[in-house]
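Subject: Structure handover

Hello,

Here is the structure I promised you. Please open it and keep it in view while you read my notes.

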Amino acid sequence: LALLWHDRLLKAVRKRATRGDPQSVISAIDHFCRHNEWAMNVGDEKGSILDSVVSEVNPEKVLELGTYCGYSTVRIARLLPPGARLITLEFNVDYAAIARQVIAWAGLEDKIQLVEGASEDWIPRMKEHFGIETFDFVFLDHWKDRYLPDTKLMEDCGLLRKGTVLLADNVICPGVPDYLEYVRNSLSYKSCYFKSHLEYTKAEDGLEKSVFLG
Ligand SMILES: O=C(NCCc1nnc(-c2ccc3[nH]cnc3c2)[nH]1)c1cc(-c2ccc(F)cc2)cc(O)c1O
Ligand SMILES: [Mg+2]
């Protein structure tokens, strides 16, 4: 059934969105998730906050943890300057297959590298496998019990530099209490909370922006 649902999402994108037009892909997914079937994309309301943080940081090197259908991947990549690169990690092969098609429809393949596998396996290999020194921006939107261990792993692997911005989705719903406690109390981060709503609903949720201080 899940696969069927993803096929319906892709059909909606192909029907409503214009190939090579990322904004139309974003609108098509939002329309489908609001009027047909809810999905756990970051959505349009939190997506606007994501857009403003990405535009402010203007990153060259971006890491996204949790691709899902590629909605936030497209949202971020469409704002990146020429030559900038986004690496997105996805654990679930079905999600990854959908995301590749969504990214291709948006025409953003050359900015995005979708890697299938577990974050804990790939984070330690970023330098030697992708030639990444440090990331300028990290979007955390994967399993909620992985936010904290993966943040510590990125620190230990030297992937964060003074000024790297972490933006975490779902800090209220489903919630990431251990991660919040860490970034809000650690002397290595300056954190702030952007209050919003769970995608396509009236439930409270929000994004936590944390700047690594080195
Ligand atoms: O679970 C979520 N997101 C995670 C999906 C994922 N997609 N990919 C991964 C992955 C997991 C390991 C990985 N290791 C490496 N990449 C990985 C990717 N995890 C999520 C859930 C909700 C949600 C809220 C209220 C509800 F009633 C039900 C659900 C809302 C959201 O915005 C979410 O982001
Ligand atoms: Mg999320």
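Does Tyr200 count as buried or exposed? Tyr200 counts as buried, because its relative accessibility is 13%. Buried means under 20% relative accessible area, exposed means over 50%, and partly exposed lies in between, with a 1.4 Å probe and protein chains only.

Some ground rules come next. This is a predicted model, in which local features need pLDDT of at least 70, side-chain atom pairs count only at pLDDT 80 or more, and totals for chains, interfaces and linings use all residues. Residues are numbered from 1 along each chain as its sequence is written, chains are lettered from A and ligands numbered from 1 in the order in which they are written, and side-chain values use heavy atoms, with hydrogens and water left out.

The sheet

Start with the strands. An open sheet holds 7 strands, in the order β3-β2-β1-β4-β5-β7-β6, and the pairing is mixed. Helices (H or I, at least four residues) and strands (E, at least two) are DSSP runs, numbered from the N terminus. Two strands pair if DSSP finds at least two bridges between them. The edges belong to β3 (112-116) and β6 (189-197). Each has a single partner strand, so one side of each has no neighbour in the sheet. From one strand to the next, the twist averages 15°.

Now look at β1 (residues 61-65) and β2 (residues 85-90). These strands run parallel and are joined by 5 bridges. Leu63 stands opposite Ile87 in β2. Val62 has Leu86 as its bridge partner in β2. Strand β2 is largely enclosed by the rest of the structure, because 5 of its 6 residues are buried.

Helix α8 (residues 147-156) packs on the sheet. Helix α8 touches β1, β4 (135-140), β5 (160-168), β6 and β7 (204-212). Contact means heavy atoms within 4.5 Å. The direction of α8 makes about 165° with that of β5. Axes are lines fitted to C-alpha atoms, for helices over the stretch in contact, and angles run from 0 to 180 degrees between N-to-C directions.

Tyr147 sits in helix α8. Tyr147 counts as buried, because its relative accessibility is 0%. Leaving out residues up to four places away in sequence, Tyr147 touches several residues, including Leu140, Asp169, Asn170 and Tyr179. A polar atom of the Tyr147 side chain lies 3.1 Å from the backbone oxygen of Leu140. The Tyr147 side chain also makes a polar contact with the side chain of Lys144, at 3.0 Å. A polar contact is a pair of N or O atoms within 3.5 Å; within protein, one must be able to donate a hydrogen and the other to accept it, and residues adjacent in sequence count only if both atoms are side-chain atoms.

Arg146 lies in the loop between β4 and α8. Arg146 counts as buried, at 18% relative accessibility. Not counting residues up to four places away in sequence, Arg146 touches Ser119 and Glu120.

The ligand

What surrounds ligand 1? There are 20 residues around ligand 1, and the closest are Glu90, Ser119, Asp141, Asn170 and Glu199. A residue is near a molecule or strand if one of its heavy atoms lies within 4 Å of it. A polar side-chain atom of Lys144 is 3.0 Å from an oxygen atom of ligand 1. For an N or O atom in the side chain of Asp169, the distance to a ligand 1 oxygen is 3.2 Å. For Asn170, it is 2.6 Å. Taken alone, ligand 1 exposes 680 Å², and the protein buries 82% of that. Accessible areas come from the Shrake-Rupley method with a 1.4 Å probe; for residues, only the protein chains shown count as cover.

Most residues other than glycine have a negative phi, and most peptide bonds are trans. Asn170 has a positive phi, near 65°. Asn170 lies in the loop between β5 and α9 and counts as buried, at 4% relative accessibility. Tyr200 has a positive phi of about 60°, although it is not a glycine. You will find Tyr200 in the loop between β6 and β7. Cys173 and Pro174 are joined by a cis peptide bond, with omega about 5°. Pro174 is in helix α9 (residues 171-175).

Best wishes
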